[in-house]
Amino acid sequence: MQYTWNDIEQYIAVCTQCPLSQTRNRPVMGRGSHEAAIMLIAEAPGGQEDQQGLPFVGRSGEILDRLLQDCGLDRDQIYITNILKCHPPGNRDPKEVEKEACFPYLKYETFLLNPKIIVCLGRVAAQRIISPDYKITRQHGTWICRKHCALTATYHPSAILRDPSKYDEAKQDFCEIVRKWDELQG
Ligand code: URA
């Protein structure tokens, strides 16, 4: 049987697969176009996302929107999701058990979307999706190809909030993502 977007959303809404279900306010499902060629995968919802049940609505969302806008993209053209659908208290790194419990949802989102490009935002996503020893500072902006999908990573917007000098490098990565998308469209 094949699940639909609606099914996945319903499962996430009542998920109790890990202890974060006891501390979350609202689970945060991915958001954006279900036709998008570009999928952004970040780490986990922050505090404001936990309140609103939407990804990237806080300060890091503002940085993300600026990056997208600077490269001629907007959120309606892409799909944004997280490895974890629930907020880890205190914004700590996701635990291994939490990532494993949540991974089937991400797999299903990826299956349904079938993106041409996957962009990992930050170390946690890059190490889970691209390679466990991924070094974001050294490897961001590089590409690999897997099952007809191009994968890359760039800095997490919250890393840019902590160190604004990373903005230009992330912007270059995003502009390269748009270039790759144009190239893939022929
Ligand atoms: N940080 C993330 O990794 N994801 C969000 O949705 C918001 C902040």
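The model is predicted, and its protein chain holds nine helices and six strands. A compact globule of 186 residues would have a radius of gyration near 16 Å, and the 15 Å found for the protein chain agrees with that. Along the principal axes, the C-alpha atoms fill a box of roughly 40 × 40 × 30 Å, and buried residues account for 51% of the 186 residues.

**The sheet**

- The six strands form an open sheet in the order β1-β3-β2-β4-β6-β5, and the pairing within this sheet is mixed.
- The edges are taken by β1 (31–32) and β5, each of which has a single partner strand, so one side of each is left without a neighbour in the sheet.
- Strand β2, which covers residues 38–42, runs parallel to β4 and is joined to it by four bridges; I38 has I117 as its bridge partner in β4.
- Strand β4, residues 117–121, is in turn joined to β6 by five bridges, again in the parallel sense, and here C120 has A153 as its bridge partner.
- On the other side of β6 in the strand order, strand β5 (residues 144–146) pairs with β6 in the antiparallel sense over three bridges, with C145 standing opposite A150.
- Strands of a sheet pair through backbone hydrogen bonds, in either a parallel or an antiparallel arrangement.

- Strand β6 spans residues 149–154 and is mostly covered, since six of its six residues are buried.
- In a regular strand the side chains alternate between the two faces of the sheet.
- In β6, C149, L151 and A153 point one way while A150, T152 and T154 point the other way, and the residues of both sets are buried.
- T152 belongs to strand β6 and counts as buried because its relative accessibility is 2%, below the 20% limit for a buried residue.
- The C-alpha atom of T152 is separated by 7.9 Å from that of I130, although the two residues are 22 residues apart along the chain.

**The turn between β5 and β6**

- Strands β5 and β6 form a hairpin with two residues between them.
- K147 lies in the loop between β5 and β6 and has a positive phi of about 45° although K147 is not a glycine.
- H148 is found in the loop between β5 and β6 as well, and its phi, near 65°, is likewise a positive value in a residue other than glycine.
- K147 is exposed, with a relative accessible area of 80%, and H148 also counts as exposed, at 76% relative accessibility; by contrast, the six residues of β6 are buried.

**The cysteines**

- A disulfide is a covalent bond between the sulfur atoms of two cysteines.
- A search of the whole structure finds zero disulfides, and C102 is accordingly in none, the nearest cysteine sulfur being that of C15 at 6.2 Å.
- C102 is buried, with a relative accessible area of 10%.
- The closest cysteine sulfur to that of C145 belongs to C149 and is 7.5 Å away, which is too far for a bond, because a disulfide requires the two sulfur atoms to lie within 2.5 Å.
- C145 is exposed, with a relative accessible area of 64%, whereas C149, in β6, is buried.

**The ligand site**

- The residues that surround the ligand are A42, E43, A44, P45, G46, E49, P55, F56, S60, N82 and H156.

Definitions and conventions:
Residues are numbered from 1 along each chain as its sequence is written. This is a predicted model: local features need pLDDT of at least 70, side-chain atom pairs count only at pLDDT 80 or more; totals for chains, interfaces and linings use all residues. Side-chain values use heavy atoms; hydrogens and water are left out. Buried means under 20% relative accessible area, exposed over 50%, partly exposed in between (1.4 Å probe, protein chains only). Two strands pair if DSSP finds at least two bridges between them. A residue is near a molecule or strand if one of its heavy atoms lies within 4 Å of it. The radius of gyration is taken over C-alpha atoms; the globule rule is 2.2 Å times the number of residues to the power 0.38.
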